[in-house]
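Subject: Structure handover and findings

Hello,

Here is the structure I promised to pass on. My notes follow below it.

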Amino acid sequence: MSIPEARNLLTDNPELYEARFPDPDRAAGRFVDDMLRTFLPAAVDGDPVTVLDLGCGTGRDLGHLVGRGYRGLGIDRSPAMVRYANRVYPGVSATIGDLRSFAIGGRVDAIICLDSSLLYCHSDAELESCLRCCREHLRPGGLFVAEMRNGAFFLGNTDLLDGPSHSAFDWRGQTWRAETTLWVDRAAQLLRRRREWQLPASAETLVQVSAWRLLFPLEVVGHLHRAGFTVRAMFDTPGPRVDGGWPRHRGLEPATAHGSGDLSGDRLHIVAEAR
């Protein structure tokens with residue numbers, strides 16, 4: 001028997017989330033650190049850089065950055081995630097908030113938005129509101145760093161759409177299984193997801209649905225420009241969520257030295273500077 005979506009299983013259970021999406025190499029945090037040290041070197045070499053993470057989740061990425069000498073602030077809609085981030089990762093200061101419209105009472109040096117969090121802005125109005133808030137909270141020269149699914153990947157590519165995918169992982173002595181189906185809602189320009197969880201030691205399943213906005217690279221550039229940003233780098237690979245991950249000893253050469261030019265990969269990485 002299936003029960004309707006009454007909660008978000010992963011965001012309501014941060015430890016389960018980290019078990020489902022492990023990052024033992026801290027690839028996402030290292031990616032952000034490299035981007036900031038490449039494109040914001042003067043600030044990084046001076047006073048501690050303040051980073052605001054939109055959709056900070058468990059606080060794991062911010063925790064890595066705090067350990068590297070940054071000041072870490074986070075916003076997330078999930079109270080469970082916010083409590084976990086503040087409790088588990090020393091130095092992280094997370095609060096409940098909505099990335100589409102937020103206020104923290106000051107300016108920061110960098111804003112990051114990873115794991116497709118920006119794509120929860122489903123309409124142009126929501127995306128424009130988010131980017132305006134980001135610009136208002138960044139000092140001139142501050143950076144916006146985003147990592148997300150790439151809408152261009154789905155132009156003629158059905159690798160992720162050809163059928164349901166199955167995953168399983170162990171947590172606290174139990175095996176958690178899920179079947180995930182993705183499809184493109186072309187009218188709404190959304191990538192929709194249906195995930196059916198097989199709950200451990202139970203005959204019941206939990207069905208949950210979600211969606212992400214599909215944005216094309218040139219479209220993202222236009223939105224950022226109108227919000228007061230200049231794009232400094234945009235590439236599809238390497239990256240923390242692509243095959244091969246983020247290299248450990250990348251150095252400080254321009255990020256585009258590692259990126260492919262056609263921007264057709266599954267993930268899109270963007271560094272933009274506040275004008």
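Helices (H or I, at least four residues) and strands (E, at least two) are DSSP runs, numbered from the N terminus. This is a predicted model: local features need pLDDT of at least 70, side-chain atom pairs count only at pLDDT 80 or more, and totals for chains, interfaces and linings use all residues. Residues are numbered from 1 along each chain as its sequence is written, and side-chain values use heavy atoms, with hydrogens and water left out.

Overall picture

The protein chain has seven helices and 12 strands. Its radius of gyration is 18 Å, close to the 19 Å that the globule rule gives for 275 residues, so the chain is as compact as a globular protein of that length. That radius is taken over C-alpha atoms, and the rule is 2.2 Å times the number of residues to the power 0.38. Along the principal axes, the C-alpha atoms fill a box of roughly 55 × 45 × 35 Å.

Of the 275 residues, 53% count as buried. Buried means under 20% relative accessible area, exposed means over 50%, and partly exposed lies in between (1.4 Å probe, protein chains only). The accessible surface comes to about 12500 Å², and carbon and sulfur atoms hold 51% of it. Those areas come from the Shrake-Rupley method with a 1.4 Å probe; for residues, only the protein chains shown count as cover.

Contact means heavy atoms within 4.5 Å. Take the contacts between residues at least 6 apart in sequence: 66% of them join residues at least 24 apart.

Strand E3 (residues 71–76) is mostly covered, with five of its six residues buried. Strand E2 (residues 50–54) pairs with E3 in the parallel sense, over five bridges. Two strands pair if DSSP finds at least two bridges between them. Leu52 stands opposite Leu73 in E3.

Helix H4 covers residues 60–67, and its buried residues are Arg60, Asp61, Leu62, Gly63 and Leu65. What covers them? The cover includes helices H1 (14–20) and H2 (27–39), plus strands E2, E3, E4 (92–96) and E5 (108–113). Gly69 follows H4 and has a positive phi, near 105°.

Ser78 lies in the loop between E3 and helix H5 (79–88). Ser78 counts as buried, at 7% relative accessibility. Not counting residues up to four places away in sequence, Ser78 touches Thr11 and Asp12.

H7

In helix H7 (residues 217–226), the buried residues are Pro217, Val220, Gly222, His223 and Leu224. Their cover includes helix H6 (124–137) and strands E6 (138–149), E11 and E12. Gly228 follows H7, and its phi is positive, near 105°.

Backbone points to check

Most residues other than glycine have a negative phi, and most peptide bonds are trans. Here are the cases that stand out.

Arg172 is not a glycine, yet has a positive phi of about 55°. Arg172 sits in the loop between strand E7 (165–171) and strand E8 (174–185). Is Arg172 buried or exposed? Arg172 counts as exposed, at 61% relative accessibility. E7 and E8 form a hairpin with two residues between them, and Arg172 is in the turn. The two strands run antiparallel and are joined by seven bridges. Ala168 stands opposite Arg177 in E8.

Ala201 also has a positive phi of about 55° without being a glycine. Ala201 is in the loop between strand E9 (190–198) and strand E10 (205–213). Ala201 is exposed, with a relative accessible area of 84%.

The peptide bond from Thr237 to Pro238 is cis, with omega near 5°. Pro238 has its place in the loop between strand E11 (229–235) and strand E12 (267–274).

Arg195

Arg195 lies in strand E9. Arg195 is buried, with a relative accessible area of 9%. Which residues does Arg195 contact, leaving aside its neighbours within four places in sequence? They are Leu10, Arg20, Ala178, Glu179, Thr180, Leu206, Val207 and Gln208. Arg195 and His166 are 29 residues apart in sequence, and their C-alpha atoms are 9.6 Å apart in space.

Best wishes
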